[in-house]
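This report describes one protein chain for a reader who has not seen it before. The sequence and structure come first, and the description follows.

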Amino acid sequence: MTDTDALFGRPVRSGDVVAALTLFSGGLTWESCVVSLLEHTSPETPIVVFDDAGPSELAVEQLAAVEERMGRQMFYYRQPVNRGVVGNLNTAFERLAPADVIVLNSDIIGGPEW
């Protein structure tokens with residue numbers, strides 16, 4: 001994701017809601033996390049993965065496969081260097097401002113109406 005205008009087809013505004021999913025390496029629940037979010041998140045709520053420059057090559061491949069299988073896109077931003085969880089989240093807040101940001105970790109499983 002280089003331009004946040006892609007999230008809504010226009011600049012992000014106050015009152016928009018965006019889900020920010022942090023990622024470092026994926027892990028055992030990564031694919032289940034992505035599937036659950038794509039199944040149970042309103043199409044009007046963009047989901048942006050903020051990759052903290054971790055060893056996440058496999059996780060990115062899984063993300064692409066799940067997106068194709070489910071027919072829905074998530075947005076992706078990779079940090080140029082590892083910033084740690086707080087730095088990664090600060091980037092999410094900065095890039096997504098002034099939207100309301102929902103913070104999600106890559107090991108969550110979202111259920112209906114999460």
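## Burial and surface

Of the 114 residues in the protein chain, 43% are buried. The model is a predicted one. The protein chain exposes about 6000 Å², and 54% of that area comes from carbon and sulfur atoms.

Charged side chains in the protein chain number 7 positive and 16 negative. The centres of these two sets lie 5 Å apart.

## Overall fold

The protein chain contains four helices and four strands. Along the sequence they follow the pattern α-β-α-β-α-β-α-β. The radius of gyration is 13 Å, close to the 13 Å that the globule rule gives for 114 residues, so the protein chain is as compact as a globular protein of that length.

Along the principal axes, the C-alpha atoms fill a box of roughly 35 × 30 × 20 Å. Among contacts between residues at least 6 apart in sequence, 82% join residues at least 24 apart.

In soluble globular proteins, nonpolar side chains tend to be buried together. Here the largest nonpolar core has 16 residues, and Leu21, Trp30, Val34, Val49 and Met74 have the most contacts inside it. At least two residues of this core come from each of strand 1 (17–23), helix 2 (30–40), strand 2 (47–51) and helix 3 (57–70). Helix 2 supplies the largest share of this core, with six residues.

## Helix 2

The buried residues of helix 2 are Trp30, Cys33, Val34, Val35, Ser36, Leu37 and Leu38. Their cover includes strand 1, strand 2, helix 3 and strand 4 (100–105).

Val34 is one of the buried residues of helix 2. Leaving aside residues up to four places away in sequence, Val34 touches Leu63, Val66 and Met74. Both Val34 and Met74 are listed with the residues that have the most contacts inside the largest core.

Where does Thr4 lie? Thr4 is in the segment before helix 1 (5–8). Thr4 counts as buried because its relative accessibility is 16%, and buried means under 20%. When residues up to four places away in sequence are not counted, Thr4 touches Arg10, Val12, Arg95 and Leu96.

Most residues other than glycine have a negative phi, and most peptide bonds are trans. Two residues and one peptide bond are described here against that background.

Ala53 has a phi near 55°, a positive value in a residue other than glycine. Ala53 lies in the loop between strand 2 and helix 3, and at 21% relative accessibility Ala53 counts as partly exposed. For Glu113, phi is likewise near 55°, a positive value. Glu113 is in the segment after strand 4. With a relative accessible area of 81%, Glu113 is exposed.

Which residues does a cis peptide bond join? The bond is between Ala97 and Pro98, and its omega is about 10°. Pro98 lies in the loop between helix 4 (84–96) and strand 4.

Technical notes. Residues are numbered from 1 along each chain as its sequence is written. This is a predicted model: local features need pLDDT of at least 70, side-chain atom pairs count only at pLDDT 80 or more; totals for chains, interfaces and linings use all residues. Side-chain values use heavy atoms; hydrogens and water are left out. Buried means under 20% relative accessible area, exposed over 50%, partly exposed in between (1.4 Å probe, protein chains only). Contact means heavy atoms within 4.5 Å. The radius of gyration is taken over C-alpha atoms; the globule rule is 2.2 Å times the number of residues to the power 0.38. Accessible areas come from the Shrake-Rupley method with a 1.4 Å probe; for residues, only the protein chains shown count as cover. Lys and Arg count as positive and Asp and Glu as negative; His and the chain ends are not counted. The place of a charge is taken as NZ of Lys, CZ of Arg, CG of Asp or CD of Glu. A nonpolar core is a set of buried Ala, Val, Leu, Ile, Met, Phe, Trp, Tyr and Cys residues joined through side-chain atoms within 4.5 Å.
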